[in-house]
Amino acid sequence: MERSLDDVGEQSTSVRPATKQDLEGIVRIHTAAFPDNYLTHLGPGVLHRYYGGYLNDPDAVNLVAEQSGELAAFSVGSYRDSRVLEHFYEEHSGYLTWSTLRRVLVLDPVVLRGLPRRMARIWDALRAFLFPHRRKEPVIVSAPDVRDHEVIGSLVSIATAPKYQGCGVSSEVLEQFEQELRGKGATEAHLSVSASNGRALAFYAKHGWTVLEGDHGSLSLGKHL
Ligand SMILES: CC(C)(COP(=O)(O)OP(=O)(O)OC[C@H]1O[C@@H](n2cnc3c(N)ncnc32)[C@H](O)[C@@H]1OP(=O)(O)O)[C@@H](O)C(=O)NCCC(=O)NCCS
């Protein structure tokens, strides 16, 4: 059953740009909202480094929603091609290698399942860690930001704390995120979502996002802004 803000005892949502002080809250929401996510299983240290990169990136658009001073939701993305992910793998290669190995050794099923898809990146990170002087130029894997005069922004992650899901907070964050992207000149936005994430797919469809392509259980969605 759909809940309202009154059901969670709150009155109004305020959506604002995220600051570095929000990192702790963002990691907490990610951990609760994505219990089966690969990065969640690598641990909070990895999540701090991952989201910390976005909070430091001038091209990023990061928002949080608050309910009576409590962080309820966040969105992270960028309004044009961003190299945050590449920097994340480059800068934290040692820590990432160690965090991955630790989980592999205890046979963490989520990490073992996610490894094949990430093998190339992990191998690059391992090589950069072991042979830093032979670091190779990072491969740009994110979509180009300009295609046929479209400026493409991306939504990297959006999550709402479980107790605030289904009460409209997520919609406010997504709508504000799209507005921010538009304001910065993006004409289109893309995101990637697991094909099995029915709730997120329903949420994006409700907001006018459509499927662009699918691959290995992951769907690419887009929206004209
Ligand atoms: C995805 C997310 C941000 C959506 O926020 P939300 O507050 O749950 O969104 P809403 O309730 O407004 O919309 C979800 C829609 O899915 C429907 N829904 C609810 N539970 C569902 C389920 N188990 N399966 C499919 N649809 C479901 C809702 O009814 C709603 O549709 P409606 O408004 O037409 O009734 C939130 O669920 C979340 O943080 N999930 C975990 C993190 C995540 O998956 N992020 C997206 C990764 S790309």
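The buried residues of helix H5 are Ser 93, Leu 96, Thr 100 and Arg 103. Around the helix axis these residues cover an arc of only 105 degrees, which puts them on the same side of H5. An α-helix has 3.6 residues a turn, so residues three or four places apart point the same way. Cover for the buried residues of H5 includes helix H2 (38–42), H3, helix H4 (84–91) and H6. On the face turned away from the buried side, H5 carries the exposed residues Leu 101 and Leu 105.

The model is predicted. Its chain has eight helices and eight strands, and buried residues make up 32% of the 225 residues. Of the contacts between residues at least 6 apart in sequence, 72% join residues at least 24 apart.

**Two helices**

Helix H3 also has a buried side. Its buried residues are Val 46, Leu 47, Tyr 50, Tyr 51, Gly 53 and Tyr 54. They cover an arc of only 145 degrees around the axis, which puts them on the same side of H3.

| Helix | Residues | Number of residues | Span, first to last C-alpha | Expected span at 1.5 Å a residue |
|---|---|---|---|---|
| H3 | 44–55 | 12 residues | 16 Å | 16 Å |

Just after H5, Leu 107 takes a positive phi of about 55 degrees, although Leu 107 is not a glycine. Leu 107 is exposed, with 8 other C-beta atoms within 10 Å.

Ser 68 is not a glycine either, and has a positive phi of about 45 degrees. The loop that holds Ser 68 runs between strand S2 (60–67) and strand S3 (70–78). Ser 68 counts as exposed because it has 12 C-beta neighbours inside 10 Å, and the cut-off for exposed is 12 or fewer.

**Nonpolar core**

The largest nonpolar core has 49 residues, and Leu 63, Ala 73, Phe 74 and Val 173 have the most contacts inside it. Leaving out residues up to four places away in sequence, Ala 73 touches Ile 29, Val 64, Ala 65, Ala 159, Thr 160, Ala 161, Tyr 164, Val 169, Ser 170 and Val 173.

**Ligand surroundings**

The ligand is surrounded by 18 residues, of which the closest are Gln 165, Ser 170, Gly 198, Ala 200 and Ala 202. Strand S5 (150–160), helix H7 (169–183) and helix H8 (198–206) are the elements that give two or more residues to this shell. H8 gives the most, with six residues. By type, the shell divides into eight nonpolar, seven polar and three charged residues.

Ser 170, one of the closest residues to the ligand, is found in helix H7. Is Ser 170 buried or exposed? Ser 170 counts as buried, because it has 24 C-beta neighbours inside 10 Å and the cut-off is 20 or more. With residues up to four places away in sequence not counted, Ser 170 touches Ala 73, Ile 158, Thr 160, Gln 165 and Phe 203. Ser 170 and Phe 203 are 33 residues apart in sequence, while their C-alpha atoms are 8.7 Å apart in space.

Note on methods. Residues are numbered from 1 along each chain as its sequence is written. This is a predicted model: local features need pLDDT of at least 70, side-chain atom pairs count only at pLDDT 80 or more; totals for chains, interfaces and linings use all residues. A residue is near a molecule or strand if its C-beta atom, placed from the backbone, lies within 6 Å of it. Helices (H or I, at least four residues) and strands (E, at least two) are DSSP runs, numbered from the N terminus. Ala, Val, Leu, Ile, Met, Phe, Trp, Tyr, Cys and Pro count as nonpolar, Asp, Glu, Lys and Arg as charged, and the others, Gly among them, as polar. The expected span of a helix is 1.5 Å times one less than its number of residues. The arc is that of the directions from the helix axis to the C-beta atoms. A nonpolar core is a set of buried Ala, Val, Leu, Ile, Met, Phe, Trp, Tyr and Cys residues joined through C-beta atoms within 7 Å. Two residues are in contact if their C-beta atoms, placed from the backbone, lie within 7 Å.
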